[in-house]
Amino acid sequence: MQQNLNILVVDDFSTMRRIIKNLLHDLGYASVSEADDGNTALPLLKSGNFNFLITDWNMPGMPGLELLKQVRADARLGNMPVLMLTAEAKRDQIVEAVQAGVNGYVIKPFTAATLKEKIDKIMASRAAA
Amino acid sequence: MSQALAAGDAQAFGAALVGFDRARNCDVTMRVRIVASGLQGALKRFQVDSKLIDLAHHQVPDARHQLAYVLRLTDDAAHRTMDLVEQCCPLADQIAQQAERLIAAHGLAAPPEPIKAQIGQFLKQTGTSMAAVRSNLSEVLLTQGYQDLSGQIIRGVMALVDELEQALGDLVRIAGTDTGTGTGTASDTDSHSPAGSGSNARGHGPSVPGVNHGPAVCGQQDVDDLLSNLGM
């Protein structure tokens with residue numbers, strides 16, 4: 001159980017936010033907050049104490065890729081682990097996300113095991129760095 | 001003009017000639033104007049026609065595939081949810097019946113000797129069954145992800161319907177003002193591109209079988225392979 005992560009989940013569909021939040025709770029992450037796009041997420045990230053971001057890509061307002069770029073451009077948030085959890089499946093999009101500094105990419109529909117594996121992998125590489 | 005010529009009146013002849021030329025030029029100018037406005041109308045029609053042809057030949061059939069996929073997603077999710085619930089129900093019934101039997105036996109003045117073993121067996125069975133129920137409940141939760149995927153696809157189709165409405169409106173406007181005085185602008189439609197078009201920045205929505213999205217990954221293993229190739 002890893003309760004020390006303070007996670008922000010960003011997705012425009014409330015059903016998907018509930019799914020991710022429930023799965024994270026099952027994985028032992030109790031501190032999970034939600035935002036419905038990059039515009040609402042960014043002020044929360046800047047004012048809050050989050051240390052992990054899970055974001056969708058295709059959202060009205062600010063999409064996930066732009067949110068990722070803004071996070072990387074911010075002096076305080078720049079180093080935050082970001083997991084993209086999205087239905088966007090074009091190969092050049094994944095390359096673009098990697099170039100923008102994403103730490104993990106999970107394609108929807110996904111499984112609880114995949115979510116766990118990707119979070120664990122990101123945290124393990126952080127711990128090793 | 002012929003009278004001025006017969007009378008040898010050079011001034012009157014010159015004036016008549018200028019008048020004739022002016023009338024002729026005026027006629028030519030008007031004809032050129034009509035041709036130009038006709039051409040302008042044809043160009044506008046051509047822009048709208050091209051847009052409609054693209055919508056009719058590509059985007060509307062794609063939208064049909066997308067809606068069929070939504071139907072399949074919702075159908076699959078509903079069946080999967082019901083399968084999982086149907087698996088849980090007998091487990092719950094079994095536990096309830098066993099508990100009832102044990103309660104009855106426990107309430108006897110002289111409980112039968114093997115009751116201890118039965119309770120042990122019941123607790124073991126309960127643990128196993130509840131683990132299965134918990135796992136099924138997690139999967140029911142995950143199955144609801146269809147709402148996100150189908151919602152994204154429906155949004156794309158709604159944007160397409162908007163675009164179609166705009167293009168048809170433009171066509172009606174142009175047809176109603178075919179003399180070239182209309183204000184319909186086919187290029188207006190460009191600002192209403194559906195969610196599925198344009199650059200990657202906003203995203204394209206879920207990939208739909210039967211609809212060509214360009215090179216795309218197929219499942220998480222494909223994503224992991226690509227990330228691995230990119231050094232992640």
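Good morning. Chain B and chain A bury about 3,200 Å² between them, 59% of it on carbon and sulfur atoms; buried area here is the accessible area (1.4 Å probe) that two parts lose on being put together, summed over both. On the chain B side, Leu142(B), Asn200(B) and Arg202(B) lose the most area to chain A, together 19% of what that side buries.

A word on the source. This is a predicted model, in which local features need pLDDT of at least 70 and side-chain atom pairs count only at pLDDT 80 or more, while totals for chains, interfaces and linings use all residues. Residues are numbered from 1 along each chain as its sequence is written, chains are lettered from A in the order in which they are written, and side-chain values use heavy atoms, without hydrogens and water.

Counting contacts (heavy atoms within 4.5 Å), 33 residues of chain B touch 42 residues of chain A. Between the chains there are 4 salt bridges, each a side-chain nitrogen of Lys or Arg within 4 Å of a carboxyl oxygen of Asp or Glu. Asp224(B) and Lys118(A) form a salt bridge at 3.0 Å, N to O.

Beyond its neighbours within four places in sequence, Leu67(A) contacts residues including Val10(A), Leu45(A) and Met62(A).
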